[in-house]
Amino acid sequence: ISLIILGTTSVLAVVGFLTAWWGPAVRHISLSPGTENRLRIVQVSDLHVGIWIGRRYVARVVRQIEALGPIDLLILTGDIGDGDPKRHFENLAPLGKIPTRLGKFAVSGNHEGYWDESEWNARIRALGFQMLENESVHLDTPLGPLSIHGVSDARPNTKRALADVSPNVYSIFLAHQPKHADAAIAAGVRLQLSGHTHAGQ
């Protein structure tokens, strides 16, 4: 039994390593099938850039995004950094070069908090992203008004972040962990984007 467990674990470890090394899979999800006029949003989550994941991996992710063509919004939903931000920040540099029509937004994850969340946030801001820390932002888009709300993973305050959700405005809620879904539903959020569970959300 021990040999079976060891063998299974070894196989899963190799598969997991190869999957992480190869890069994330791109999933296309349409929220309004058949509609030509719609926003194109790219969500990136849980890159865990640090000791094991470096600049070459990030550059591969950026090439995948660029291959999609023009996008309206680029969203990071946490655990982008996983190590000392002063040491690994430069590995994220390719993310700063992706053009968007309407902007780049991000929230922190638990792994940034294990190191130095405020420093990671500052460095992600330097790449042109607006960090949403229990706050919201309102945008005018070609398809009408849009509100984006986000919570800090280490100190989440969903009440504050979702205080100005309006039923007349399409709202997007960014939360690293999906566990905030009940609060989002109660507030009337139209779309929640999360990470944390590595595609299991």
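Visitor: By about how much of a helix are E119 and R123 separated in helix α5?
Guide: In this predicted model, local features need pLDDT of at least 70 and side-chain atom pairs count only at pLDDT 80 or more, while totals for chains, interfaces and linings use all residues. Residues are numbered from 1 along each chain as its sequence is written, and side-chain values use heavy atoms, with hydrogens and water left out. Helices (DSSP runs of H or I, at least four residues) and strands (runs of E, at least two) are numbered from the N terminus. Because E119 and R123 lie four residues apart in helix α5, the separation is about one helical turn.

Visitor: How far apart are the closest N and O atoms of E119 and R123?
Guide: Side chains of opposite charge can pair when their charged atoms come close. The term salt bridge is used here for a side-chain nitrogen of Lys or Arg within 4 Å of a carboxyl oxygen of Asp or Glu. E119 and R123 form such a salt bridge, with their closest N and O atoms at 2.6 Å.

Visitor: How many salt bridges does this rule count?
Guide: The pair of E133 and R125 is a salt bridge, its closest N and O atoms being 2.5 Å apart, and E117 with R155 is another, at 3.3 Å. By the rule, the count comes to four.

Visitor: How many residues apart are E117 and R155?
Guide: This salt bridge joins E117 to R155, and the pair links distant parts of the chain. E117 belongs to helix α5 (residues 117-125), whereas R155 sits in the loop between β8 (144-150) and α6 (158-161), which puts the partners at a separation of 38 residues.

Visitor: Is R155 buried or exposed?
Guide: Relative accessible area sets the classes, computed with a 1.4 Å probe on protein chains only: buried is under 20%, exposed is over 50%, and partly exposed lies in between. E117 has a relative accessible area of 6% and is therefore buried. Its partner R155 has a value of 53%, so R155 is exposed.

Visitor: Which class of accessibility does R125 fall into?
Guide: E133, which forms a salt bridge with R125, has 26% relative accessibility and so counts as partly exposed. Because the relative accessible area of R125 is 37%, this residue is partly exposed.

Visitor: What is the relative accessible area of D46?
Guide: D46 lies in the loop between β1 (41-44) and β2 (49-50), and it has a positive phi of about 55° although it is not a glycine. D46 is buried, because its relative accessible area is 11%.
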